[in-house]
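Please look through the points below with the sequence and the model open beside you.

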Amino acid sequence: MADARIVVLGAGFGGLELATDLSERLGNDAGVTLIDENDAFVFGYSKLDVMFGRATLDEVRLPYADFDKPGVHFLSETITAIDPEARRVTTNLGVHEADILVVALGADYDFDATPGLAEAGSEFYSLTGAERLRDVLPTFTRGRAIVGVCGAPFKCPPAPSEAALLLHDYLSRRGVRGDCEISLVMPFGTPVPPSPDTSAALLAAFTERGIEFVPGRRVASLDAAHSVAVLDDGAELPYDLFLGVPKHRAPRVVLESGMAEDGYVPVDSRTLETRFPNVYALGDVATVGVPKAGVFSEGAARVVAMSIVAHLQGGEQSAAYDGRGACYVEFGAGRVGRVDVDFLSGPKPTGTFQEPSGDLVAEKQQFGASRRARWFNRGAL
Ligand SMILES: Cc1cc2nc3c(=O)[nH]c(=O)nc-3n(C[C@H](O)[C@H](O)[C@H](O)COP(=O)(O)OP(=O)(O)OC[C@H]3O[C@@H](n4cnc5c(N)ncnc54)[C@H](O)[C@@H]3O)c2cc1C
């Protein structure tokens, strides 16, 4: 297919990698239009850095103005409608027709699904929320802090555990840990179900630090006026500080497109194809059978890039998506662990765990630095 119009919706982990990969493979002729409504990309884990005052928003923003790849045209527009049958995308500024359409719009937050959450204004999964909590945290000196998950699936399953451990460090540094309790409410039975070793290490870290783990429960609502979290079994947990993980769903424009089922876009896990011809969906917006994390969006993007090139150049589709990825897990005390998970190669997901260490702190930094360099031509922070 000569001069194919490839339209990629969303310049997050998946969209950035896909556009970069296509640019490398097809050069000036790539014919890629990449659309995002934001003016900058931010790594998910940077929200923890912002919340705990380890970095400012300016330090973690990677402006799309620096994303400059041959054959890729970036458009700063808000997508308002997607017609997957016609492969037509409407934005606030116009209409884009595609020969190949890739939906990589991520997962959005459904604040209304948890009554009281918006009113309490205390979640750390959006940048606005992380910034707001950065200003609230210094005022917390005694009482109970709850890190509370409001629904599954949610992005980066280890992140709530990381938040609890980093909160422990933060309060210890300020000399008020002894006057504070920390509880972690999580809808899973263990912190990271696919990796029993990672879960065991996290549970041991919670015990060592006196962090209460409340498994198999989610926060169903908040009574913000009385500072009480109500769990899905009706139990009431009073709090003085709430660090919430909102319920997720696909962005509204995706739900309204007719592509979604049960909140996300179903795809063939091996190829990321949707049921619409020449329309792919990858990353957090899709139901792939892997967790919602950047490393998985990125891996899926590489498979889609190969598939598009094979389609355009008439070759065979070679690799199938394997659902493998490595996640770094902040344990606090200047240490990071690593879990390597494999979701699709075998009959059931498997994970291997590397004990937290200082070396893995450097490796995590390198993970971020390599993406900054690859996508944004940036050096170290
Ligand atoms: C606290 C926290 C910690 C995390 N830690 C890690 C980690 O250590 N490792 C890891 O791999 N992952 C981590 N994640 C998860 C990771 O950030 C996401 O899973 C990843 O960004 C998903 O990539 P994606 O490309 O699917 O979607 P996203 O990166 O979310 O990109 C979607 C893009 O679509 C755009 N968009 C959406 N709607 C519209 C619209 N209507 N019009 C135009 N543009 C639109 C958005 O602006 C966004 O840029 C973390 C997440 C959080 C919240």
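**Notes on the predicted model**

1. A nitrogen atom of the ligand lies 2.9 Å from a polar backbone atom of isoleucine 79. A polar contact here is a pair of N or O atoms within 3.5 Å; within protein, one must be able to donate a hydrogen and the other to accept it, and residues adjacent in sequence count only if both atoms are side-chain atoms. Taken alone, the ligand exposes 1,000 Å², and the protein buries 92% of that. Accessible areas come from the Shrake-Rupley method with a 1.4 Å probe, and for residues only the protein chains shown count as cover.

2. On the basis of the numbers: this is a predicted model, in which local features need pLDDT of at least 70 and side-chain atom pairs count only at pLDDT 80 or more, while totals for chains, interfaces and linings use all residues. Residues are numbered from 1 along each chain as its sequence is written, and side-chain values use heavy atoms, with hydrogens and water left out.

3. How many residues surround the ligand? There are 27, and the closest are Gly14, Asp36, Ile79, Asp284 and Gly294. A residue is near a molecule or strand if one of its heavy atoms lies within 4 Å of it. By class the shell has 12 nonpolar, 10 polar and 5 charged residues. Ala, Val, Leu, Ile, Met, Phe, Trp, Tyr, Cys and Pro count as nonpolar, Asp, Glu, Lys and Arg as charged, and the others, Gly among them, as polar.

4. Which element gives the largest share of the shell around the ligand? That is α9, with 3 residues. Helices (H or I, at least four residues) and strands (E, at least two) are DSSP runs, numbered from the N terminus.

5. Strands β6, β7 and β8 form an open antiparallel sheet of 3 strands in that order. Two strands pair if DSSP finds at least two bridges between them. The edge strands, each pairing on one side only, are β6 (79-83) and β8 (95-97). The twist averages 15° from one strand to the next; axes are lines fitted to C-alpha atoms, for helices over the stretch in contact, and angles run from 0 to 180 degrees between N-to-C directions. Strand β7 (residues 88-91) pairs with β8 over 3 antiparallel bridges, and the bridge partner of arginine 88 in β8 is glutamate 97.

6. Another open sheet has 3 strands in the order β22-β23-β24, again with antiparallel pairing. Its edges are β22 (324-332) and β24 (350-357). Between β22 and β23 (residues 335-342) there are 8 bridges, and alanine 326 stands opposite aspartate 340 in β23. Helix α7 (residues 196-209) packs on this sheet and touches β22, β23 and β24, its direction making about 10° with that of β22. Contact means heavy atoms within 4.5 Å.

7. Strands β14 (residues 219-223) and β15 (residues 228-231) run antiparallel and are joined by 4 bridges. Serine 221 stands opposite valine 230 in β15. The two strands form a hairpin with 4 residues between them. Serine 227, in the turn, has a positive phi of about 55° although it is not a glycine.

8. Is the peptide bond from alanine 152 to proline 153 cis or trans? The bond is cis, with omega near 0°. Proline 153 sits in the loop between β11 (143-149) and α6 (159-173).
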